[in-house]
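Subject: Structure handover and notes

Dear colleague,

Please find below the structure that I promised to pass on, followed by my notes on it. I would be grateful if you could read the two side by side.

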Amino acid sequence: NEIHESHNRLRSLIDTVTKSGNTPFKALAGSMTFEGMYSLSAIIKEMDTKLQLSNNIVLSDEYIPFGIVNIDQPHCTGCSICAQTCPTSAISTRMSDDNSSLDLVFQYEKCIACGICVSSCPEKCVTLRKSLDLAKLRPGNLDEIIFEDDYIYCRNCSKPYAPKSMVAILKSKLQNAGVLNSELTEYCPSCRVIIQQKR
């Protein structure tokens, strides 16, 4: 029933757009893709401006090429593989000025709902919901921080080297596996090598 209602709302939106007539397209900032074409989000923004569509239009369907990404923070290590594999940079990393903390930032208008972030996550803590939310495409919509964590500092050289969550999860896995040297996770890779060589 919910899927049927979603399809009806999508058909209604398509009918409204079809009957609206031609509109000269204005080149909005950031509207061009790397192939030299207008991005779908830019076209929808222009359509929204012309038709003054309702603020609460949210359509969810498996064929909608927009997605909303969420991260299960307690299980995320902050490895940033989702950001590294995202083909449109809808997910990106943002470090603090002093490199003491990390944010994973999501930009809805760039997401094409390809699902690569979900399949590439080693901890399986990324979820994607295919959804067109016009409010999220409107001016003033801020980038969303979907993960944030402080960096941990090396016990030897005092340099930041990994998100705290990554170290905590790794340490827990090593301890559960009976690895005695789990305390080495508290050192940066360079210092870890030096310590192991001395043993």
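In what follows, a residue is called buried when its relative accessible area is under 20%, exposed when that area is over 50%, and partly exposed in between, with a 1.4 Å probe and protein chains only. By that rule, 36% of the 199 residues of the chain count as buried. Please bear in mind that this is a predicted model, in which local features need a pLDDT of at least 70 and side-chain atom pairs count only at pLDDT 80 or more, while totals for chains, interfaces and linings use all residues. Residues are numbered from 1 along each chain as its sequence is written, and side-chain values use heavy atoms, with hydrogens and water left out.

Helices (H or I, at least four residues) and strands (E, at least two) are DSSP runs numbered from the N terminus, and on that basis the chain has seven helices and seven strands. Their pattern along the sequence is α-α-β-β-α-β-β-α-β-α-β-β-α-α. With contact taken as heavy atoms within 4.5 Å, residues 24 or more positions apart make up 65% of the contacts in the chain that have a separation of 6 or more.

Two strands are said to pair if DSSP finds at least two bridges between them, and four strands form an open sheet with antiparallel pairing in the order β3-β4-β6-β7. Because β3 (91–95) and β7 (160–163) stand at the edges with a single partner strand each, one side of each is left without a neighbour in the sheet. Neighbouring strands are turned by 30° against each other on average, direction ignored, where axes are lines fitted to C-alpha atoms, for helices over the stretch in contact, and angles run from 0 to 180 degrees between N-to-C directions.

The antiparallel pairing of β6 and β7 runs over three bridges, with Tyr153 opposite Pro160; their hairpin has six residues between the strands, and Ser158 takes a positive phi near 65° in it.

Within β4, Leu104 is buried, with a relative accessible area of 1%. The C-alpha atoms of Leu104 and Glu148 are separated by 6.4 Å, although the two residues are 44 apart along the chain.

A nonpolar core is a set of buried Ala, Val, Leu, Ile, Met, Phe, Trp, Tyr and Cys residues joined through side-chain atoms within 4.5 Å. The largest has 26 residues, and Val69, Ile71, Ile91 and Phe106 have the most contacts inside it. Among the elements that give two or more residues to this core are β2 (67–71), β4 and β6. Apart from it lies another core of ten residues, among them Ile152, Val167, Cys191 and Ile195.

I hope these notes are of use to you.

With best wishes
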